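Have a look at it, then read on.

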Amino acid sequence: MGLLGVINLIPWSSSLSHREFSVTAPNAQTLGDSDTDLSIRATLFSSFRFMSTKAEKQLDSLPNADDNKVLDFPGGKVRFTPEMKFISESPEERAHCYRILDEEGQLIMGSNFVQVSEELAVKMYRDMVTLQTMDTIFYEAQRQGRISFYLTTIGEEAINIATAAALTIDDHVFPQYREPGVLLWRGFTLQEFANQCFGNRADYGKGRQMPIHYGSNKHNYFTVSSTIATQIPHAVGAAYSLKMDRKKACAVTYFGDGGTSEGDFHAALNFAAVMEAPVIFVCRNNGWAISTPTSDQFRSDGVVVRGRALHWSFEVNIATASDGSTQIPHAVGAAYSLKMDRKKACAVTYFGDGGTSDGVVVRGRAYGVRSIRVDGNDPLAIYGVVHAAREMSISENRPILIEALTYRVGHHSTSDDSTKYRLADEIEWWKMARDPVTRFRKWIESNGWWSSEAESQFRSSVRIQLLHAIQVAEKAEKPPATEMFTDVYDVPPSNLQEQEKLLKETIKRHPQDYPSDVPVPA
Amino acid sequence: MERDPTVCVMGEDVGHYGGSYKVTKGMAEKFGDLRVLDTPIAENSFTGMGIGAAMSGLRPIIEGMNMGFLLLAFNQISNNCGMLHYTSGGQFKIPVVIRGPGGVGRQLGAEHSQRLESYFQSIPGIQMVACSTPYNAKGLMKAAIRSENPVILFEHVLLYNLKERIPDEEYICSLEEAEMVRPGEHVTILTYSRMRYHVMQAAKTLVNKGYDPEVIDIRSLKPFDLHTIGNSVRKTHRVLIVEECMRTGGIGASLTAAITENFHDYLDAPIICLSSQDVPTPYAGTLEEWTVVQPAQIVTAVEKLCQ
């Protein structure tokens, strides 16, 4: 694949004096001066605009363009045509998917990829196995009633570990909730995972959140928030911060196919492109958003872009955008109603340059974001793509969208039974025949870096460590009840102090009504 | 922004346009258009962006072009801004300032006349303050920027043209303190933002009629400064609240409850709360005027309280 474009090393500056203008740079006062020539102001205005956010040239100049075939509306020059031609809603062929390891763990002929050392490959494999084992054991623990909730990453181990392997510890990670592998790679211990799931005193979250809502500032992994896609704009903000501080790092955020329907996804990609922010968007397109298959989620070719669906879901006759203009969803509702009534009419809605989008990998182009589709179960392909994306993102100050195709083998969470909406055979097939962990094992074994002895030894060792971690976490003390009132603000204000006092008094008066394993300091 | 390089501004038209009410005029030229960032029209998303930037070490000031637009940012403000410091176990802090013009203006229409303080007051983890004079606007803004907590600063559309001589040097106004505007003995009038001016106008009339009202600009909407308010109630025994929020679920409703709960024994009369009616703000000038509490109503209420 290779890196695109020339690496742009022009440092940006935020003060006027470093720029060369054809006109003397005025100071702030004269800018508002009505005597200033309009054309000079226009030149200066457009120069200021991009002074501190430099990246590739915009596509607004057409070399060899005949002046009378070109229109220059705001937004740049565009050739006009007398032929009415609609841009097709879907491509002739779906966007291609990058993969270098086949199902048998053999390298595909003619593939170009980043070399991975034995040490790195073995660590990747071990972490994938650890993640898979941790998921199995913690899921069982929930079933046994030892923890209240759990959510697995089964089937998506390659995305979790391989993306993490290609990043550095300085890259800020904003997860959705199906990416504990990234934290594992960075050194979060099995005990630390167990502590969070049991909400004990050692949990960094102080027992306030549900299981799997990990967060660790020392691992640069921002605490999981249950809300879908809200972390995507956070990542753009973090990238903005890194850019301001000129750090050699990027922000990375993960989300599923379902998350791309949220308004935050749309706006975050748009912003990242406009602001030229060094952020990598990783979409785990695993086919399902709880019970909603991707064909009911969107109509574009996947998150990269997408293909036609054969399901019953209603087809909306107009393009919609999730840019926050409230009348647009209203129009979609009206169209749905017309369709139900079989009326020969459509709904029409108008909006400004907010911009519409169609697809997810192809949506990348709609926002001006470079994108790629990759086999999410091929760790080598993922490693290579993220490695390249990171280089591009940091050196060129640009966002990158990666759509990793995979399959959600597990249920959505312990509150879900996915056999209710999909075939058990389908799940079984993906679990046995398309397991990314097995695939990678075949490759490292073929290189002589792993063996079946190493396999059984490692698996049993991890299992023992996990069971031990659970035992320790289960027995550990819970955080004191007073932690309910701290960290709401930096310092507890008087109303919270009062409420804490009231709670302590109430527990003291009715101890039998309160759990005995939660310490209550005097 | 000069003192601290991590402070930045983001919002619609804050850059070269200088902001819808010119609050950020000249700043983009001075600090560059990365630090004074023009965002696309997606409130929930740029608020989210600000939260992410704050968690990574910046101190963003997020502007809602009109506070009403921040209703689109409710998800980020409630679920993330207010919560992430707590749910992360204190690992990540969110020192943002969310500010913008709100309140009833001059015929801006219902959608642009919202009183967001009503809707946001329940969110745990945020602080809310309302400025009302050039002096306290500067002080509160500086305090809000320096605070480690997320602070929502409510400005009022009709107060931007106020002129006042204020000190050039650095000063801050405490985020949790109310302001004593006019000490008095007969009645405690609690108000904030634009209503302060209606109250002061009514006060002139009241003084002529022989009353001595104590006027307090509560400034801190969350949490309430019950210390200052309590001292006043213990002195006058009568309370009148004058607010711009709707009757149902506004700041006045919460303040009434807090005072009754804490200072019940000191009250000689039930608390009177003057608010706007529970209607969307009409566009027609006369109707709009009738939805906002006017000085004459304030005078009548005080007379009733003091009978």
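Two strands count as paired if DSSP finds at least two bridges between them. Helices (H or I, at least four residues) and strands (E, at least two) are DSSP runs numbered from the N terminus. This is a predicted model, so to speak only of what holds up, local features need pLDDT of at least 70 and side-chain atom pairs count only at pLDDT 80 or more, while totals for chains, interfaces and linings use all residues. Residues are numbered from 1 along each chain as its sequence is written, chains are lettered from A in the order in which they are written, and side-chain values use heavy atoms, with hydrogens and water left out.

**Chain B's sheet.** In chain B, β8 (residues 187-191) and β9 (residues 213-217) run parallel, joined by 5 bridges. Within that pair, B:Thr191 stands opposite B:Asp217. Both strands belong to an open sheet with mixed pairing, ordered β7-β9-β8-β11-β12. β7 (179-182) and β12 (272-276) of chain B each have a single partner strand, so one side of each is left without a neighbour in the sheet.

**Chain A's sheet.** Chain A has an open sheet of 5 strands with parallel pairing, in the order β3-β4-β5-β10-β9. Its edge strands are β3 (172-174) and β9 (370-375) of chain A. Strands β4 (residues 251-256) and β5 (residues 279-285) of chain A share 6 bridges, and there A:Val252 faces A:Ile280.

Angles run from 0 to 180 degrees between N-to-C directions, with axes fitted to C-alpha atoms, for helices over the stretch in contact.

| α9 (251-263), chain B | β8, β11, β12 of chain B | about 150 degrees to β11(B) |

**Where the chains meet.** Here 49 residues of chain A are in contact with 49 residues of chain B. About 4,200 Å² is buried between them, 61% of it from carbon and sulfur atoms; buried area is the accessible area (1.4 Å probe) that two parts lose on being put together, summed over both. On chain A's side, A:Tyr240, A:Phe271 and A:Tyr489 lose the most area to chain B, together 16% of what that side buries.

Note on methods: Contact = heavy atoms within 4.5 Å.
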